[in-house]
Amino acid sequence: IRSIPMTLPEKLPRLIVRGEVYMARSVFEEINARREIEGKPLMANPRNAAAGSLRQLDPKIAAQRRLDIAVFNLQLAEGREFSTHTETIDYLASQHFKVIPHKRLSAPSDILAEIAALGDGREQFPFDIDGAVVKLDDLHDREIIGSTAKFPKWAIAYKYPPEVKPSVVKDIVVQVGRTGVLTPKAELEPVRLAGTTVAFATLHNQDYITQKDIRVGDTVLMRKAGEIIPEIVEVVADKRPAGTKPYTLPETCPVCGAPVVRDEDGAALRCTGAECPAQLLRYLTHFASRGAIDGLGPAVMQQLIDSGLVRTAADLYSLTPKQLEPLERMGKKSAQNAVDAIARSRDNDLWRLINALGIRQVGEKAAKTLAQRFGTMDALVAAPEEELTAVDDVGPITARYLCQWMKSPQSRDLLARLKAVGVNMTCKEKTVDSRFAGMTFVLTGTLEKFTRDAAAEMIEKRGGKAAGSVSKKTTYVVAGENAGSKLQKAEALGIPVLTEDEFLALLD
C-alpha cells in the first residue's frame, strides 16, 4: 500500500495508527473493465475487492490492486503528548500519513448541518461512505467519559439512509445458473448510486416480479441494499407507458429450450435439460463423482468443457490419455489413470448410473431401490408415474421429477449416447431372497465383522431396508461397540437389538 510512508520525519520509539484500507472507485472500475475483457468474473464492489486483496497470500497481487488507506486515529505515540484529536490528525499528516480527507471541528449546534453537508458531498471522495462519526475532540474529556466493554462513549456514528434515484427498466433478461435456476435481471438506464454506476439489478424470481409488478419500460426507484447490492424499491406507477404487459418468466430454458419446473418448496424455476450447456460443469462433476470416476474434479472438468472435448457425459468415454495430458494438474500417469477409471465405470451397476444422472431427489438409496425394482434402464424409462410412486423410497414428488426427466428429449438423447458407448444399463445386484421384505434395520456403533455399507448391502439383497434413524417402524437395530443415542432410543421404544453374531445368524 504505497500511501503508507516507509520512513517518518520524526523518529519516535513507538507509533501506532489506525485507518481503513480501501480501493478507489476509479481503480475498481478500471480493474473490472480489464477482468471483463479477460473473461474473468467481475468484483462485486470496492469494499469486497479491497478485503479480498488484503487476503492475498502473494503481496505482488495485492500491490497490483493499488490499494489506498485513510488514517483516522492515533492510537499511541511514545514521547509525544497531545490535547485534542485534531492535533493528532494534523501531526499524522505532518508525518506523511494519508489521513481522512474530511474532518471538521464544529460547535454542538452545527453538528447536524455538518453531517448533512458531508452526505450531500460524499461523491467527491475517492471511496464510498455510508455514514459519519461524531467524536469529542478533547482527549482529557474522553478519558473522563470513558468507554464500555465494546465501544467508546465519546463517539457516535450516524448512518445515512440509502440513496434512492429513479431509473428505467430497458429489458428483463434471464440467466441460467450452474444448478439450473433461472434468475431474472433488470437491465436499467445507468444510474449513479452510492458511488458506482448501476446498470443491472437482480429480480430474484417470479414472485418478486409479480409482487412489485415490474414491467419492461417502467420507471423504478433504485437503491443499494446495505450500500452494496442494487435493488428496485418500487415502481413509479404514474410514469408507466401505455400498453405494457405483466412480465412472466419463460416456460422453457432460454439456453437449451428444455421445460422449466418450479421448486416444490420454493419460488425458484429450474431447467430440466440433461444436456443444458449452462449446467454442464455441475452435471459432469456430479456424474463423475457419483459414477466413481476418480481424477476428474471440477478444475479438470472445466478445462475439458473449455477445450470442447466434452459436451455430454457420454463424451467422457471417448477421451484418450493424449487428450488429457496437456491439461493443468494432469501428467502422463494421471491422464492414464483417469481414462482407466472412466473405462471401469462402464461396468458400474445400474444404480450407480441412475444416481449419477443428477435427477432431483434421487440419491443412492432411491437409485438402488429403482434399479432392483425395474432391472433395466429401459423399464425404468417406460414406468408410469403411478408405478414409480408405489416404490419404496420414492414419494410422489420424486416420482414426478423422475417422469419429467425421463420424458425429456435431452434425457433420452443422453441415455442413447451412454448406451452407444457401452455403459451398462442393467441391474447386476440381484436379490438373494426376500426374507427381510418389509423389514427396516438400523446400524449403529462400531462394527467389527463388516462395514455398515456391507451390512446395508446384505439387508437390501434380501429385500430389507437400511435406515439411518430409529423410529417405531424400525424392525431391528444392529449395535456394535460404543453405540450411542440410536441404541438408547431403540431400548426406549422396545425395538429388538441384535449383536453382530445375531445379525449374521439371521443371514444364515
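**A parallel sheet, cavities and pockets**

Guide: Strand β14, residues 476-479, pairs with β15 in the parallel sense, over two bridges. The model is a predicted one.

Visitor: What is the order of the strands in the open sheet of four strands?

Guide: The pairing in this open sheet is parallel. Its edge strands, each pairing on one side only, are β13 (465-467) and β15 (497-498).

Visitor: What angle does the direction of helix α19 make with that of β12?

Guide: Helix α19, residues 485-493, packs on the sheet and touches β12 (440-444), β14 and β15. Its direction and that of β12 make an angle of about 135°.

Visitor: Which helix gives the largest share of the lining of the largest cavity?

Guide: The structure holds three cavities of 30 Å³ or more, and the largest has a volume of about 100 Å³. Among its lining residues are Leu280, Tyr283, Leu284 and Phe287. By class, the lining has nine nonpolar, one polar and one charged residues. The largest share, four residues, comes from helix α8 (residues 280-290).

Visitor: Which helix gives the largest share of the lining of the second largest cavity?

Guide: This cavity has a volume of about 70 Å³, and its lining includes Arg352, Leu353 and Ala356. Five nonpolar, four polar and two charged residues make up the lining. Its largest share, three residues, comes from α12 (residues 350-356).

Visitor: Which residues among Phe287, Gly291 and Ala356 line the second largest cavity, and which of them also line the largest cavity?

Guide: Phe287, Gly291 and Ala356 are each found in the lining of the second largest cavity. The lining of the largest cavity includes Phe287 and Ala356.

Visitor: How many charged residues are in the lining of the largest pocket?

Guide: About 1,800 Å³ of space lies in this pocket. Of its 49 lining residues, those nearest the centre are Phe72, Ile100, Gly131, Ala132 and Val133. Elements giving two or more residues to the lining include β1 (15-22), β2 (68-77) and β3 (131-135), together with helices such as α2 (46-54). The lining divides into 28 nonpolar and eight polar residues, and the charged ones number 13.

Visitor: Which element gives the most to the lining of the second largest pocket?

Guide: The second largest pocket holds about 840 Å³ of space, and Asn32, Leu42, Met43, Ala44 and Thr197 lie nearest its centre among 24 lining residues. Two or more residues come from each of α1 (25-37), β6 (182-193), β7 (196-202) and β9 (229-235). By class, the lining has 13 nonpolar, seven polar and four charged residues. With seven residues, the element that gives the most is β7.

Visitor: Is Thr244 buried or exposed?

Guide: Thr244 lies in the loop between β9 and β10 (260-262). Leaving aside neighbours within four places in sequence, Thr244 is in contact with Arg215 and Val216. A residue counts as buried under 20% relative accessible area. The relative accessible area of Thr244 is 19%, so this residue is buried.

Definitions and conventions. Residues numbered from 1 in each chain as written. Predicted model: local features only at pLDDT ≥ 70, side-chain atom pairs only at ≥ 80, totals over all residues. Heavy atoms only, no water. Pairing = 2+ DSSP bridges. Contact = heavy atoms within 4.5 Å. Axes fitted to C-alpha atoms, helices over the stretch in contact; angles between N-to-C directions. 1 Å grid on protein atoms, 1.4 Å probe; cavity = no way out; pocket = protein on both sides within 12 Å on 5 of 7 lines; lining within 4 Å. Points joined across faces, edges and corners; volume = space filled by probe spheres on them. Nonpolar A, V, L, I, M, F, W, Y, C, P; charged D, E, K, R; others polar. Buried < 20%, exposed > 50% of the residue type's maximum accessible area, 1.4 Å probe, protein only.
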